[in-house]
Number of protein chains: 6
Amino acid sequence: MIYLTRLEHFNAAHKLYNPVWSKEKNEVVFGACANENWHGHNFELYVTVKGEINKDTGFLMDAKKLSELISENVTEKLDHKNLNLDVDFLKDKMCTTENLSIEIWKQLAGYLPTDVQLHCIKLYETPRIYVEYFGE
Amino acid sequence: MIYLTRLEHFNAAHKLYNPVWSKEKNEVVFGACANENWHGHNFELYVTVKGEINKDTGFLMDAKKLSELISENVTEKLDHKNLNLDVDFLKDKMCTTENLSIEIWKQLAGYLPTDVQLHCIKLYETPRIYVEYFGE
Amino acid sequence: MIYLTRLEHFNAAHKLYNPVWSKEKNEVVFGACANENWHGHNFELYVTVKGEINKDTGFLMDAKKLSELISENVTEKLDHKNLNLDVDFLKDKMCTTENLSIEIWKQLAGYLPTDVQLHCIKLYETPRIYVEYFGE
Amino acid sequence: MIYLTRLEHFNAAHKLYNPVWSKEKNEVVFGACANENWHGHNFELYVTVKGEINKDTGFLMDAKKLSELISENVTEKLDHKNLNLDVDFLKDKMCTTENLSIEIWKQLAGYLPTDVQLHCIKLYETPRIYVEYFGE
Amino acid sequence: MIYLTRLEHFNAAHKLYNPVWSKEKNEVVFGACANENWHGHNFELYVTVKGEINKDTGFLMDAKKLSELISENVTEKLDHKNLNLDVDFLKDKMCTTENLSIEIWKQLAGYLPTDVQLHCIKLYETPRIYVEYFGE
Amino acid sequence: MIYLTRLEHFNAAHKLYNPVWSKEKNEVVFGACANENWHGHNFELYVTVKGEINKDTGFLMDAKKLSELISENVTEKLDHKNLNLDVDFLKDKMCTTENLSIEIWKQLAGYLPTDVQLHCIKLYETPRIYVEYFGE
């Protein structure tokens, strides 16, 4: 079993708020993250896949192909977007890094080669905060 | 002459558009950066000051004091904000990293100790793009 | 299950020596790290917690709250300190990064919200050496 | 159980090609990586070992000793080398980062102190691509 | 005057040798870098341009356009290549990072917009060694 | 004119205090940095030299030779040391990063090859604070 990780980048706007709460309660719970005029981040996305090495290529899978899969299914849909308004697969979700990691997992899991498994989505929201999701 | 640099962080939403242009022209010129629903970044701000070392302290100036000056005059006004909508000193400016660097210079220049000069504002918009401004 | 990590910083002096050994033996075993006049490091501390996402907030826990817990219980007690002399919870411990990681775990484990578990303490002593402890 | 990681560096040339395939097929499968005149990388190698802390030293093992073991058994044999031509333990292997990680594991596993186990080889090929191998 | 920097990446093989010297003298002068079977690096290239801000766009120049110019004129010609064998503009040059920086300057200088000047080529050969060239 | 930079590392203990002041005044001026039991840092030292490229080698100077000069004249004297107590060339100096940068300049300037000039000492005290000195 070998693990391959590819780092990709996207930047986006978002805000944190629960629509069933008042503006005041959202500000108490989410602080500056509830700014109704939005804020944003440079997200750094690490996608880790795992499986057996292919004898013919010496690859688990081609890292360039992995990059293209992430680009098509994830970063093209998120880069330079408003996560709350512009992204189909985040509709009606709280746009926290936790939920974003899980939704990115769901976007990618179905598109990997059959002999390669998704292992981890690791998502940096800032250089000092990141979330990991292992699909369970 | 000695140079002291302090790194600070803020994250914010913005969009690039020229209000005298049509939506179509803005999209041609600014591409994804013109998304009317905004996008955002983790900005990394390097502030460099210069001057003579104080004989009593061995400091050009206290880096903690420099950090507080940047915080009060710059990052508290920009962090978790929408640069186009929420920031007095950016009103009616194109919110490019170029202009943002110059406006940050103006915010800071008047608040340094009298024997310390502002030397450079260096601002990372993404880990791969940054702007520098030396006040001239 | 989701994992959230927060990076914090402290710097401190320490030395490595076993008080039951002679000065010579300490120098043989610990080399330059046994310098009786101390040396020091910028420690980078990654704290990872895990648990279920709260439905109302979309958070595992607020990363800002996690930062405050680490600050109050760990970094305020270690930053700008001598690890051998100034820190109650390191009294009579060998001040290696291994032991420091375990003692940081003990300081934090009791202060997390009841539905959040401590998962990992990862501590960089230099940019090229780090230790991880998972509580077992 | 405690985990200790040491980062080492080497740079090397290599190419990716399967000798049973035609030049054309190699170019289709490996793209620019099949350039017959070679290309190269700065490899960043993280070696993680695990075990119990020694009561007398407070160490899992001396990080300097770990660095020397990696240097003697791995990086001195790889640094400033051609991985396809110059390295005994890579003879007749596809020189992918996946295979390189496994062969580095084999080089190191036999040389650790008896109470320390090898846990992970993590190898960056570029700043955006890395492979991990846990020995199973 | 404002300065804009864009970071790009390429990896390549090379060796250092002076063809008028014997193999022995090359090994004495260049050490491991003279390995006749080549070695290689991940090069990180920072290109800095300078000029006046365009009033209509707020840009010195579009960083995306700068990236494309670097790609077309420099990194596509160097990435996954052998610097000594595969690159027209390095023919008969010693392939040191110093010379490479100067030749990259020459490749780019003629392709910038007329109101933008090339200011600096900064080229990392390893994470611990870099060269800067300012065109004079 | 070409510029070559080499990054080196040392870690050390120090404290900030002016011996002509009372303990109380030192604490007011230097805060936690005045802790009489010391604190410490991982210092990252960038040494930049400049000059003409040697036609025979294509080098300004051999980066390995530069590394050895820094090691012999600077980092071996500072690494794992107490800057206030253990270092001849810092005797009776305030051990600020500003003064340390200037003293490192003095240590190195006399040992460079005759056709190479020292250009800059850049010294990181923490990942967020650094000082530069250009010899004037």
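Trainee: Is B:Ile129 buried or exposed?

Mentor: In this predicted model, B:Ile129 counts as buried, because its relative accessibility is 11% and the cut-off for buried is under 20%.

Trainee: Where in chain B is B:Ile129 placed?

Mentor: B:Ile129 belongs to strand β5 of chain B, which covers residues 129–133.

Trainee: And what does B:Ile129 touch, leaving aside residues up to four places away in sequence?

Mentor: From chain B, the contacts are B:Leu123 and B:Tyr124. From chain E, B:Ile129 touches E:Leu4, E:Thr5, E:Arg6 and E:Ala63.

Trainee: What separates the C-alpha atoms of B:Ile129 and B:Thr97?

Mentor: The separation is 9.3 Å, for two residues that lie 32 residues apart along the chain.

Trainee: Turning to helices, how do α2(B) and α3(B) cross?

Mentor: Helix α2 of chain B spans residues 63–78 and helix α3 of chain B spans residues 97–109; their axes come within 9 Å and cross at roughly 140 degrees. The two helices are therefore oblique to each other. The crossing of α2(B) and α3(B) is right-handed.

Trainee: Which residues make that contact?

Mentor: On the α2(B) side they are B:Leu69, B:Ile70, B:Asn73, B:Val74, B:Lys77 and B:Leu78. On the α3(B) side they are B:Leu100, B:Ile104, B:Gln107 and B:Leu108. By class, the contact of α2(B) with α3(B) has 7 nonpolar, 2 polar and 1 charged residues.

Trainee: What about chain E: at what angle do the axes of α2(E) and α3(E) cross?

Mentor: The axes of α2(E), residues 63–78, and α3(E), residues 97–109, cross at roughly 140 degrees and come within 9 Å. That angle makes α2(E) oblique to α3(E). The contact involves E:Leu69, E:Ile70, E:Asn73, E:Val74, E:Lys77 and E:Leu78 of α2(E), together with E:Leu100, E:Ile104, E:Gln107 and E:Leu108 of α3(E). These residues divide into 7 nonpolar, 2 polar and 1 charged.

Trainee: New topic: how many residues of β2(D) are buried?

Mentor: Strand β2 of chain D, residues 39–51, has 13 of its 13 residues buried. D:His39, D:His41, D:Phe43, D:Leu45, D:Val47, D:Val49 and D:Gly51 point one way from the strand. D:Gly40, D:Asn42, D:Glu44, D:Tyr46, D:Thr48 and D:Lys50 point the other way.

Trainee: In what sense do β1(D) and β2(D) pair?

Mentor: Strand β1 of chain D, residues 2–14, pairs with β2(D) in the antiparallel sense over 13 bridges. Here D:Asn11 stands opposite D:Asn42.

Trainee: And over how many bridges does β2(D) pair with β4(D)?

Mentor: That pairing runs over 8 bridges, in the antiparallel sense, with β4(D) spanning residues 116–126.

Trainee: Now the backbone: what is phi of C:Trp38?

Mentor: Phi of C:Trp38 is near 80 degrees, a positive value in a residue other than glycine. C:Trp38 sits in the loop between α1 (23–30) and β2 (39–51) of chain C. With a relative accessible area of 9%, C:Trp38 is buried.

Trainee: Then F:Asp92: is it buried or exposed?

Mentor: F:Asp92 is exposed, with a relative accessible area of 79%. F:Asp92 lies in the loop between β3 (81–82) and α3 (97–109) of chain F. Its phi is near 65 degrees, a positive value in a residue other than glycine.

Conventions
Residues are numbered from 1 along each chain as its sequence is written. Chains are lettered from A and ligands numbered from 1 in the order in which they are written. This is a predicted model: local features need pLDDT of at least 70, side-chain atom pairs count only at pLDDT 80 or more; totals for chains, interfaces and linings use all residues. Side-chain values use heavy atoms; hydrogens and water are left out. Buried means under 20% relative accessible area, exposed over 50%, partly exposed in between (1.4 Å probe, protein chains only). Helices (H or I, at least four residues) and strands (E, at least two) are DSSP runs, numbered from the N terminus. Two strands pair if DSSP finds at least two bridges between them. Axes are lines fitted to C-alpha atoms, for helices over the stretch in contact, and angles run from 0 to 180 degrees between N-to-C directions. Angles under 35 degrees count as roughly parallel, over 145 as roughly antiparallel, 65 to 115 as roughly perpendicular and the rest as oblique. Contact means heavy atoms within 4.5 Å. Ala, Val, Leu, Ile, Met, Phe, Trp, Tyr, Cys and Pro count as nonpolar, Asp, Glu, Lys and Arg as charged, and the others, Gly among them, as polar. A crossing is left-handed if the near helix is turned anticlockwise from the far one by less than a right angle, and right-handed if clockwise.
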